Amino acid sequence: MSDRERRLRRSTWGHPRARALLAAGGAALLGATALLGAAGAALGHGPDPSLGGRLWAQDQAVGYAWKSGQAPPAWMASAIDAAAADASLTRAARAATFSRVTGGTSVIAYGEPTGCSAAGIACFDRAAAPASFKMWFRAQGFSFDWGALRWCQGLSVIANGCFDAETVALDEFGHVEVLGHHANNPDDSDYDQAVVQAVSHARPAVGWNARALAPCDTARLQLEYDRRTWSALFSTCLAVPTAVTATASATSVYVGSSVRFTASLRTTAATSNRALTSDPISNRVVRLQRRTVGTTAWTTVATMTASTTTEGSYAITISPTATYEWRASFTPSGEGLVASGSAAMKVTVSGCTGTGCPSRPIP
Ligand SMILES: [Zn+2]
């Protein structure tokens with residue numbers, strides 16, 4: 001199976017020709033669904049599927065040039081370059097970055113000939129990754145069976161039904177990274193959760209002029225290329241399981257002496273976490289909790305302090321007043337992680353007599 005995309009784009013603003021195209025699109029989508037099913041595809045709301053094939057190196061700077069004799073007009077060149085910047089800046093992962101450079105080994109072409117299918121207004125080929133890619137855009141006015149292609153940027157007066165060249169190019173750069181088309185909910189209610197879409201929306205339908213990769217695009221990029229830093233947020237299109245491990249500096253102390261609790265927050269080692277497996281998760285809110293021995297409900301005592309030197313590490317020192325069980329607890333907020341807590345740690349507190357206490361642990 002070639003990596004080359006079979007693309008079909010349609011207007012959704014009620015143009016009479018859109019109906020016939022929609023029927024054709026149904027067939028194209030059916031094929032895509034079957035293809036994704038074979039690859040173990042994602043559900044709606046889930047990360048874009050992976051196209052497979054080789055990845056770029058983490059943060060690889062990929063340079064492209066216009067194909068000789070098929071350089072785009074200035075308005076299209078600007079849109080493609082802007083999309084390359086959009087993809088690079090909003091990838092939220094250590095995926096490749098794209099920019100136009102002199103002598104770039106990757107090639108982008110405008111107008112005929114293209115490598116696109118009959119229905120495609122743009123397409124790509126990433127089979128040579130991580131060495132290079134190819135990308136093609138049909139020319140303004142190209143005649144499809146549904147009518148003449150209109151790129152919004154190439155119109156003297158913008159009009160509904162045009163396709164935004166920057167958005168379409170962003171979809172293509174997403175493919176070049178490794179992204180397959182997002183599997184939307186049946187009612188398309190999550191269309192705005194991905195830019196890499198089997199059906200692009202013409203102006204003014206939702207998502208027609210996206211300028212940034214969306215959560216279900218970056219979710220897949222994070223799964224394949226990892227996050228940019230250990231503090232970076234996880235895409236909200238993910239639900240990555242986490243694990244907290246914790247230790248106490250002592251399990252038995254005198255009243256008045258202190259105990260230091262140290263916790264480590266990571267993603268789990270599950271292979272389904274792919275590149276995110278066992279990643280440290282830094283600078284989150286990790287709480288120290290306690291409960292009376294023999295009970296089940298936990299009470300938060302304090303927020304642990306994030307380490308500035310050890311990634312994913314948190315610590316706090318307290319002076320327990322009685323014997324309790326303790327744990328470190330993580331509840332995510334605004335990102336695609338699953339809550340977790342450490343195993344319980346019992347710290348016995350007892351009275352002290354004689355010199356040396358309260359700082360001397362019970363032997
Ligand atoms: Zn696409």
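## Helix H2 against helix H3

H2 and H3 pack at an angle of about 45° with their axes 8 Å apart, and the two helices are therefore oblique to each other. Axes are lines fitted to C-alpha atoms, for helices over the stretch in contact, and angles run from 0 to 180 degrees between N-to-C directions. Angles under 35 degrees count as roughly parallel, over 145 as roughly antiparallel, 65 to 115 as roughly perpendicular and the rest as oblique. Helices (H or I, at least four residues) and strands (E, at least two) are DSSP runs, numbered from the N terminus.

On the H2 side, the contact (C-beta atoms, placed from the backbone, within 7 Å) includes Met76, Ile80 and Asp86. H3 contributes, among others, Glu166, Leu170 and Phe173.

## Basis of the model

This is a predicted model: local features need pLDDT of at least 70, side-chain atom pairs count only at pLDDT 80 or more, and totals for chains, interfaces and linings use all residues. Residues are numbered from 1 along each chain as its sequence is written.

## The sheet

An open sheet of 5 strands runs in the order S2-S1-S3-S5-S4, with mixed pairing; strands pair if DSSP finds at least two bridges between them. Strand S2 (97-100) and strand S4 (122-125) are the edge strands, each pairing on one side only. From one strand to the next the twist averages 20°.

S3 (residues 106-110) pairs with S5 (residues 134-137) in the parallel sense over 4 bridges. Valine 107 has lysine 134 in S5 as its bridge partner.

## Helices on the sheet

Helix H2 (residues 74-89) packs on the sheet and touches S2, S3 and S5; its direction makes about 155° with that of S2. Helix H3 (residues 165-177) also packs there, touching S2, S4 and S5.

Conventions:
Contact = placed C-beta atoms within 7 Å.
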